[in-house]
Amino acid sequence: MRSSSLLLLSFLVGVCDIQGALGFRICAFNLHHFGDSKSKKSDVMQTLTRIIARCDVCLLQEVRDSKEKALPQLLDSLNRYDTDHVYDAVASERLGRSESYKEQYVFVYRTGAVTVTGEYQYPDDLPGDVDAFSREPFVVRFKAPKTGECSDTFPLKMMKIMVMFKHLSLCPLLSSVIKEFVLIPQHTTPTNTTKELDALYDVLQRVRKMWKTENVMLLGDFNADCGYLAKKNRKHVRLITERNLYWLIPDKTDTTVRAATSCAYDRIVVHGESFDRAIVPSSAKPFNFQMEYQLTEEQALEVSDHYPVEVLLKDLPKVTSNGASSLTLTGTQETANQKTTQSKFLSLFVASHLALQMLTQ
Ligand SMILES: [Ca+2]
């Protein structure tokens with residue numbers, strides 16, 4: 001392959017990495033007793049809205065909305081705050097062994113970015129291990145049509161026009177992106193963390209088999225650190241020991257708001273190499289909303305005692321409906337200008353490469 005071709009190829013891969021860095025954001029947030037009283041605090045609701053509006057899909061935990069008013073209010077607030085997107089939610093039943101204490105799992109998502117293609121409330125009926133969980137995973141399958149389109153996308157279409165790549169499919173280079181994935185949420189019971197984390201492995205196997213998919217992410221407040229998950233017990237947790245599982249939030253991470261504590265309670269784990277490849281490298285991290293929004297510790301604790309954790313999936317540039325070479329991605333508002341700049345840069349590069357071809361022929 002000629003050097004100009006290699007240059008173009010490396011540029012293309014580079015561009016895809018840049019685009020990936022803009023990404024599709026999945027978040028998990030323990031809202032710490034989210035219900036009626038929290039929904040009446042307007043500053044808290046405003047901060048929650050700003051946090052959740054950063055995400056294409058956001059798992060909420062500790063939703064204790066017995067009056068069923070707080071969640072609709074939060075959705076309303078999101079849709080008023082971010083008019084570029086429409087937010088909807090899918091929620092589990094109220095889960096828990098005790099009648100007096102129950103929580104819901106809720107997935108808030110942008111309707112333009114994903115569609116829900118399946119829901120499965122894990123029945124916790126595994127023979128020999130019935131009732132392993134206090135809050136059984138509410139598993140949801142999502143289709144994200146805007147991630148991972150490989151054919152007829154810009155710049156691929158342009159590349160096909162070019163002599164050098166007429167017979168070369170570039171799709172394998174972009175195989176790290178995925179279109180459909182499953183999220184398994186879990187908020188473990190602190191006193192039963194080891195057991196519940198291990199049992200998540202059984203949930204994973206059942207979901208893989210049931211939906212014939214490898215693209216599964218497990219996420220939530222696993223309480224997977226400090227006093228709740230002793231180092232000596234980790235060898236008993238298949239979610240840690242089994243192969244093909246990637247823990248994206250490292251053990252040294254602090255997902256707690258209190259300055260006095262540092263524990264990696266909240267985690268994101270992906271199953272399978274292809275899903276792992278679809279992750280933007282080093283993008284998994286807590287979102288320190290206290291620092292970001294310049295809150296005092298007290299103000300931040302009003303919102304939650306946890307930071308959300310988040311991760312970016314790579315996605316691809318596309319031709320817009322008006323045929324222009326601008327890029328349409330599922331990222332957030334603040335990245336829009338970057339995308340346009342990159343698009344112009346890419347157009348310029350392709351044009352100059354074509355000119356070079358003509359001159360050298
Ligand atoms: Ca149970």
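Strand 6 and strand 7 run antiparallel and are joined by 6 bridges. They belong to a predicted model of a chain with 11 helices and 13 strands.

- The open sheet is formed by 6 strands in the order 6-7-8-9-11-10, and its pairing is mixed.
- Strands in a sheet are held in pairs by backbone hydrogen bonds, and a pair is either parallel or antiparallel.
- One of the bridges can be named by its residues: tyrosine 120 has valine 139, in strand 7, as its bridge partner.

**Helix 6**

- Helix 6 covers residues 193–211, which makes 19 residues.
- From its first C-alpha to its last, helix 6 reaches 27 Å, close to the 27 Å expected at 1.5 Å a residue.
- Helix 6 lies across strand 6, strand 7, strand 8, strand 9 and strand 11, and runs at about 150° to strand 8.
- Buried residues of helix 6 include Thr193, Thr194 and Glu196, as well as Leu197, Ala199, Leu200, Val203, Leu204 and Val207.
- The cover over these buried residues includes strand 6 (115–121), strand 7 (138–143), strand 8 (180–185), strand 9 (216–221) and strand 11 (266–271).
- Helix 7 (238–241) is also among the elements that cover the buried residues of helix 6.
- After helix 6 comes lysine 212, which has a positive phi, near 45°.

**The nonpolar core**

- The largest nonpolar core contains 79 residues.
- The residues with the most contacts inside this core are Cys58, Leu59, Leu60, Leu183, Ile184, Met217 and Ile268.
- Strand 1 (residues 24–34) gives the most to this core, contributing 7 residues.
- Leucine 60 touches Phe29, Leu31, Phe34, Val106 and Val108, leaving aside residues up to four places away in sequence.

**The chain as a whole**

- The chain has 361 residues, of which 41% count as buried.
- Taking contacts between residues at least 6 apart in sequence, 76% join residues at least 24 apart.

Notes. Residues are numbered from 1 along each chain as its sequence is written. This is a predicted model: local features need pLDDT of at least 70, side-chain atom pairs count only at pLDDT 80 or more; totals for chains, interfaces and linings use all residues. Helices (H or I, at least four residues) and strands (E, at least two) are DSSP runs, numbered from the N terminus. The expected span of a helix is 1.5 Å times one less than its number of residues. A residue is buried if 20 or more other C-beta atoms lie within 10 Å of its own, exposed if 12 or fewer, and partly exposed in between; C-beta atoms are placed from the backbone. Two residues are in contact if their C-beta atoms, placed from the backbone, lie within 7 Å. A nonpolar core is a set of buried Ala, Val, Leu, Ile, Met, Phe, Trp, Tyr and Cys residues joined through C-beta atoms within 7 Å. Two strands pair if DSSP finds at least two bridges between them. Axes are lines fitted to C-alpha atoms, for helices over the stretch in contact, and angles run from 0 to 180 degrees between N-to-C directions.
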